[in-house]
There are 2 protein chains.
Amino acid sequence: MKLDQVRNSARPPIAESLREAIRLGLLKPGKPLIQASIAEAMGVSRIPVREALYTLAAEGLITFGKDGGAHVIELAPDNLDELWMLRGLLESHMASGIVRTATPADVAVLREMVEAMDDLEATVWSDHNFTFHLELHRLSDMPHVADAARRAMMMTEPYSRAAINLLYMEGMANAHHHQILDAIAAGDGDELTRLLLGHPASRAALAEYAATTARPADQKAVVTETAQSLADHLNA
Amino acid sequence: MKLDQVRNSARPPIAESLREAIRLGLLKPGKPLIQASIAEAMGVSRIPVREALYTLAAEGLITFGKDGGAHVIELAPDNLDELWMLRGLLESHMASGIVRTATPADVAVLREMVEAMDDLEATVWSDHNFTFHLELHRLSDMPHVADAARRAMMMTEPYSRAAINLLYMEGMANAHHHQILDAIAAGDGDELTRLLLGHPASRAALAEYAATTARPADQKAVVTETAQSLADHLNA
DNA sequence: TGAACGGACAGTGTATACACTGGAATGCAA
DNA sequence: TTGCATTCCAGTGTATACACTGTCCGTTCA
């Protein structure tokens, strides 16, 4: 939902900074999110901060503990498996829409993205991967399915990033992207469906990683300055 | 997400009343939701009302227009189709979990629900149908998939209810429920998957209805008193 | 020693007050 | 009558102030 187009509000930037900080693992799972600290970091009162927090809570990125305080969500390996599977299910469902609506121009854009990723190191690679999948979602022309998929992707992203870093499987992932691209270019919906369901190897790798640590690791990333300073302020 | 267990807050009841009023069609799509009116109806200030509104917005039940005001979401026929399909997709994915975890006691509970629905008139039937599906979701043991399915179901519910009323197909729907029940009792995951994807007849009926009117009709329902009085206050 | 009490404190929940904005209503001139 | 400027107002955004609650820690008493 494009909730972030409100008239003259300080809330959208707050929510977006928090989302980004969580997604990039700058704010670790379980970390308490103190309203006053966020307010201070963003230079506003607690009112818009609270509203941003409730938005994120409904998005599943944070939860309110028994103490009433907000915390970055913690995912058990089971949850990670489920969300990873869910995202594959939704993306594979989008395949038919993608092959239906993708124009040659769209394919060209995707090709550019995929080829640019061939040369990236793992850390920055995850950022591009994220964008690539969002673009696929957009092309599906199924806004609600895409919304659910994005939600699942946002929740798992900190863990996925860490797994990518550790397992260094971006070579494999890039091959996967090229296959996706070819299927779209060929208009082969069945093949695309199969590809987007997720290849077993990467799911197995992630599941293994999740079963052992289930915790995001520190990593470099392309970060907005406000998200970075917000995270710094909260982690201090 | 069980967001509604906050310490000592007036917000959860507000959000729940609004959800219910929207789900039951007491508040029509497009209806402006004036913060001050809701606050007055619930006997609180605008602050907790605003927070409830942002929660519902993230759930997709309301949107904020260009004027900055909140409105009950309006769904075009395309969106309805997509959401019905999405819900079917998610529920069919849950089939394996349901047959895995459902105990004989669970099946007995479901049987009681299904048999009770055989004798209900269409208006109240929808309420029980809603509960029945939530129970299926719970049994799936896939909380995040269930959450996405519930979300889709909440969004379409006002329209579904109206369609059920108009098309009076609850006989068919009840037969469907009995089949679902049998598949669970038999532990037949494949059959349950097929059933939960949605039978074409009902989807066709819904789609036809959506294509013509795409608007919920007035109807009787089992309503919480607070939701009813809230809706009355806002509709006055 | 150990356990119960109590007070400071950190943090959340929300009512009130005020600033801002967009649109509708009003009034005036041509 | 129409066009336009001005005023008003309904409604939102948010800062401030205060109430409440749970927790931690020191103190006191058995």
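Me: How do H1(B) and H3(B) lie to each other?
Reply: H1(B) and H3(B) are oblique to each other. Angles under 35 degrees count as roughly parallel, over 145 as roughly antiparallel, 65 to 115 as roughly perpendicular and the rest as oblique. Helix H1 covers residues 11–23 of chain B, and its angle with H3(B) is about 50°, with the two axes 9 Å apart. Each axis is a line fitted to C-alpha atoms, for helices over the stretch in contact, and angles run from 0 to 180 degrees between N-to-C directions.

Me: What should I know about the numbering and the model itself?
Reply: Residues are numbered from 1 along each chain as its sequence is written, while chains are lettered from A and ligands numbered from 1 in the order in which they are written. The model is predicted: local features need pLDDT of at least 70, side-chain atom pairs count only at pLDDT 80 or more, and totals for chains, interfaces and linings use all residues. Helices (H or I, at least four residues) and strands (E, at least two) are DSSP runs, numbered from the N terminus.

Me: Back to that pair. Which hand does the crossing of H1(B) and H3(B) have?
Reply: H1(B) and H3(B) cross in a right-handed way. A crossing is left-handed if the near helix is turned anticlockwise from the far one by less than a right angle, and right-handed if clockwise. On the H1(B) side, the contact is made by B:Arg11, B:Ile14, B:Ala15, B:Leu18 and B:Arg19. H3(B) brings B:Pro48, B:Val49, B:Glu51, B:Ala52, B:Thr55 and B:Leu56 to it. Contact requires C-beta atoms, placed from the backbone, within 7 Å.

Me: What kinds of residue make up the contact of H1(B) with H3(B)?
Reply: There are seven nonpolar, one polar and three charged residues in it. Ala, Val, Leu, Ile, Met, Phe, Trp, Tyr, Cys and Pro count as nonpolar, Asp, Glu, Lys and Arg as charged, and the others, Gly among them, as polar.

Me: Now chain A. At what angle do H2(A) and H3(A) cross?
Reply: The angle is roughly 115°, and the axes of H2(A) and H3(A) come within 9 Å. H2(A) and H3(A) are therefore roughly perpendicular to each other. The crossing is right-handed. Taking part in the contact are A:Gln35, A:Ala36, A:Ile38 and A:Ala39 from H2(A), with A:Arg46, A:Val49 and A:Arg50 from H3(A). Four of these residues are nonpolar, one is polar and two are charged.

Me: And how do H5 and H6 of chain A pack?
Reply: H5 (residues 104–117) and H6 (residues 122–140) of chain A pack at about 165°, with axes 10 Å apart. That angle makes H5(A) roughly antiparallel to H6(A). Their crossing is left-handed. Among the residues in contact are A:Leu110 and A:Met113 of H5(A), along with A:Trp125 and A:Phe132 of H6(A). The contact holds seven nonpolar, one polar and two charged residues.

Me: Let us turn to the two chains together. What rotation superposes chain B on chain A?
Reply: A rotation of 180° does so, with 0.0 Å of shift along its axis and an RMSD of 0.0 Å. The two copies are thus related as by a two-fold rotation axis. The superposition is by least squares on the C-alpha atoms of residues with pLDDT of at least 70 in both copies.

Me: How many residues of each chain are in contact?
Reply: In chain B 25 residues touch 25 residues of chain A. H3, helix H4 (77–101) and helix H7 (143–167) of chain B each give two or more residues to this side. H3(B) gives the most, with seven. The side of chain B that touches chain A has 14 nonpolar, six polar and five charged residues. The copies meet through the same surface, because 100% of the interface residues of chain B are also interface residues in chain A.

Me: Which residues come nearest to DNA strand C?
Reply: Of the 21 residues around DNA strand C, the nearest are A:Gln35, A:Gly68, B:Ala10, B:Val44 and B:Ser45. A residue is near a strand if its C-beta atom, placed from the backbone, lies within 6 Å of it. H3(B) gives the most to this surface, with three residues.

Me: What about DNA strand D?
Reply: Around DNA strand D there are 21 residues, of which A:Ala10, A:Val44, A:Ser45, B:Gln35 and B:Gly68 come nearest. Here H3(A) gives the most, with three residues. The surface near DNA strand D is made of eight nonpolar, seven polar and six charged residues.

Technical notes: Two residues are in contact if their C-beta atoms, placed from the backbone, lie within 7 Å.
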